[in-house]
Amino acid sequence: MAIETFTQENVNLHAKQNRKDAYEKITDPMFLQVQRGEITNEEWLAEINRIKEQFPYVDADVEMEVGEPAEFIE
């Protein structure tokens, strides 16, 4: 295993794209459910906050320990 540095810009770029994908897949349909009265506004906002926590923005470069990628086994 090795320590690898990921730039703030790169980490935030990936977080932004991951958030966008999650919003489109999860919270956009939930918004329509809010409009129809099927779920509460609070449930929708809680899911938005969960996505933000799952894909946080950082304010500095990040060092992480990374391992070898798993090999594909047929």
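Q: Why is Glu38 called partly exposed?
A: Buried means under 20% relative accessible area, exposed means over 50%, and partly exposed is in between (1.4 Å probe, protein chains only). Glu38 has a relative accessible area of 47%, so it is partly exposed. Bear in mind that this is a predicted model, where local features need pLDDT of at least 70, side-chain atom pairs count only at pLDDT 80 or more, and totals for chains, interfaces and linings use all residues. Residues are numbered from 1 along each chain as its sequence is written, and side-chain values use heavy atoms, with hydrogens and water left out.

Q: What makes Glu38 and Arg36 a salt bridge?
A: The term asks for a side-chain nitrogen of Lys or Arg within 4 Å of a carboxyl oxygen of Asp or Glu. Here the N to O distance is 2.9 Å, so the pair qualifies. Arg36 itself comes out at 53% relative accessibility, so it counts as exposed.

Q: How many salt bridges does a search of the whole structure find?
A: Three. Besides Glu38 with Arg36, there is Glu24 with Lys20, at 2.7 Å from N to O, and Glu47 with Arg50, whose closest N and O atoms are also 2.7 Å apart.

Q: Why are Glu24 and Lys20 separated by about one helical turn?
A: They're four residues apart in helix H1, so about one turn lies between them. An α-helix has 3.6 residues a turn, so residues three or four places apart point the same way. As for cover, Glu24 is partly exposed because its relative accessibility is 43%, and Lys20 is partly exposed at 42%.

Q: What about Glu47 and Arg50: what separates them in helix H2?
A: About one helical turn, because they are three residues apart in H2. Their labels come out as follows: Glu47 has 17% relative accessibility, so it counts as buried, while Arg50 has 37% and so counts as partly exposed.

Q: Which residues of H1 are buried, and what covers them?
A: The buried ones are Asn12, Ala15, Arg19, Ala22, Thr27, Met30 and Val34. Their cover includes helix H2 (41-54).

Q: Why does Asn12 count as buried?
A: Its relative accessibility is 17%, so it falls under the cut-off. Contact means heavy atoms within 4.5 Å, and on that basis Asn12 is in contact with Pro56, Tyr57 and Val58, leaving aside neighbours within four places in sequence.

Q: What makes a nonpolar core, and which residues form the largest one?
A: A nonpolar core is a set of buried Ala, Val, Leu, Ile, Met, Phe, Trp, Tyr and Cys residues joined through side-chain atoms within 4.5 Å. The largest has five residues: Met30, Val34, Ile39, Trp44 and Ile48. H1 and H2 each supply at least two residues of this core. Ile39 is in contact with Met30, Gln33 and Val34, leaving aside its neighbours within four places in sequence.

Q: Why is Val66 called partly exposed, and what does it touch?
A: With a relative accessible area of 23%, Val66 is partly exposed. This residue is in strand E2 (residues 62-66) and touches Met1, Ala2, Glu4 and Phe6, not counting residues up to four places away in sequence. Val66 and Glu4 are 62 residues apart in sequence and 6.7 Å apart in space, C-alpha to C-alpha.

Q: In what order do the elements of the protein run?
A: From the N terminus on, β-α-α-β.

Q: What makes the protein more spread out than a compact globule?
A: Its radius of gyration is 17 Å, well over the 11 Å from the globule rule for 74 residues, so it is more spread out. The radius is taken over C-alpha atoms, and the rule is 2.2 Å times the number of residues to the power 0.38. The C-alpha atoms fill a box of roughly 50 × 40 × 15 Å along the principal axes.
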